[in-house]
Amino acid sequence: MIGRTHDLAAFTALGLVVATEPLPKISLATAMVALFANMIGGIAPDIDQPTAPFWKNLPIGKYAGRTFDRLLGGHRFLSHSLIGLIIFGLGWHYLLIILMPSFPYINMDIVWWAFMIGFLSHLVMDSFTREGVPWLLPIPFKFGIPPLTTLRVSTGGLIEKFIIFPSLILLNIFIYKVYYVKLLTFLHQYIK
Ligand SMILES: [Zn+2]
């Protein structure tokens with residue numbers, strides 16, 4: 001899937017969790033940083049792709065992208081698996097612990113979850129593509145939804161642009177309509 005679809009998918013997944021799960025009261029700073037972390041998490045697995053939007057926006061991105069590509073075993077390898085999810089989760093956890101003393105008003109637990117929700121949404125979305133996702137590495141098999149490769153979507157193709165992307169928008173409208181009261185309560189009373 002392309003970056004724009006991953007961004008929207010990450011946002012949709014976060015919205016679904018906010019709408020359906022019990023949440024603690026958080027600061028406005030936490031909400032904003034969490035939203036940003038969610039977007040980063042949504043494209044982070046493509047750190048293994050030198051041409052990914054993740055790298056394109058960095059000045060040394062081209063070279064850094066190539067290095068990470070080799071380190072992570074090429075595109076759709078380590079960062080597109082459950083082991084990768086755990087490794088990134090641990091790395092992100094320790095990075096947030098280091099940053100925590102400098103940002104006392106930010107609830108790092110929430111920021112951690114927001115990133116991980118984005119990350120997981122990326123793997124789920126990539127599962128709909130022809131290439132599939134090696135969820136169970138080191139077992140070298142790429143899984144997809146549906147299992148039959150020919151029925152899956154090609155990245156950046158017409159189905160992604162005209163069916164999957166609009167469907168995600170509709171899903172957002174559905175979530176915000178069904179959980180309107182809960183989301184309104186959250187925005188009014190839980191963000192300080
Ligand atoms: Zn990917």
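Because the model is predicted, local features are described only at pLDDT of at least 70 and side-chain atom pairs only at pLDDT 80 or more, whereas totals for chains, interfaces and linings use all residues. Residues are numbered from 1 along each chain as its sequence is written.

The protein chain contains eight helices and zero strands, and its pattern along the sequence reads α-α-α-α-α-α-α-α. Helices here are DSSP runs of H or I with at least four residues, strands are runs of E with at least two, and both are numbered from the N terminus. Of the 192 residues, 31% count as buried; a residue is buried if 20 or more other C-beta atoms lie within 10 Å of its own, exposed if 12 or fewer do, and partly exposed in between, with C-beta atoms placed from the backbone. Among contacts with a separation of 6 or more, 71% join residues 24 or more positions apart, a contact being a pair of residues whose C-beta atoms, placed from the backbone, lie within 7 Å.

The buried residues of α6 include W113, F115, F119 and L123. They are covered by elements that include α1 (3-20), α2 (28-43) and α5 (82-99).

Helix α1 has 18 residues and reaches 26 Å from its first C-alpha to its last, close to the 26 Å expected. Its buried residues include the run from T5 through A10, namely T5, H6, D7, L8, A9 and A10, as well as T12, A13, L14 and V18. What covers these residues includes α2, α6, α7 and α8 (180-190).

Axes are lines fitted to C-alpha atoms, for helices over the stretch in contact, and angles run from 0 to 180 degrees between N-to-C directions. Angles under 35 degrees count as roughly parallel, over 145 as roughly antiparallel, 65 to 115 as roughly perpendicular and the rest as oblique. A crossing is left-handed if the near helix is turned anticlockwise from the far one by less than a right angle, and right-handed if clockwise.

Helices α2 and α6 pack at about 25°, with their axes 7 Å apart, and α2 is therefore roughly parallel to α6. Their crossing is right-handed. On the α2 side the contact includes V33, A37, I40 and G41, which meet a set of α6 residues including V111, A114, F115 and G118. By class, this contact has 14 nonpolar, seven polar and no charged residues; Ala, Val, Leu, Ile, Met, Phe, Trp, Tyr, Cys and Pro count as nonpolar, Asp, Glu, Lys and Arg as charged, and the others, Gly among them, as polar.

Helices α1 and α6 pack at about 125°, with axes 8 Å apart, and are therefore oblique to each other. This crossing is also right-handed. In α1 the contact uses T5, H6, A9, A10, A13, L14 and V17, and in α6 it uses A114, I117, G118, S121, H122 and M125. These residues divide into eight nonpolar, five polar and no charged. In an α-helix, with 3.6 residues a turn, residues three or four places apart point the same way.

The pair α1 and α2 packs at about 130°, with axes 8 Å apart, which makes α1 oblique to α2. The crossing is right-handed. G3, H6, D7, A9, A10, F11 and L14 of α1 make the contact with N38, M39, G41, G42 and I43 of α2. Six nonpolar, five polar and one charged residues take part.

The C-alpha atom of H75 is 7.4 Å from that of D46, 29 residues away in sequence, while F77 and D46, 31 residues apart along the chain, have C-alpha atoms separated by 9.7 Å.

The loop between α6 and α7 (158-178) contains P138 and also P146. Most peptide bonds are trans. The bond from L137 to P138, however, is cis, with omega near 10°, and a cis bond with omega about -10° joins I145 and P146.

Note on methods. Two residues are in contact if their C-beta atoms, placed from the backbone, lie within 7 Å. The expected span of a helix is 1.5 Å times one less than its number of residues.
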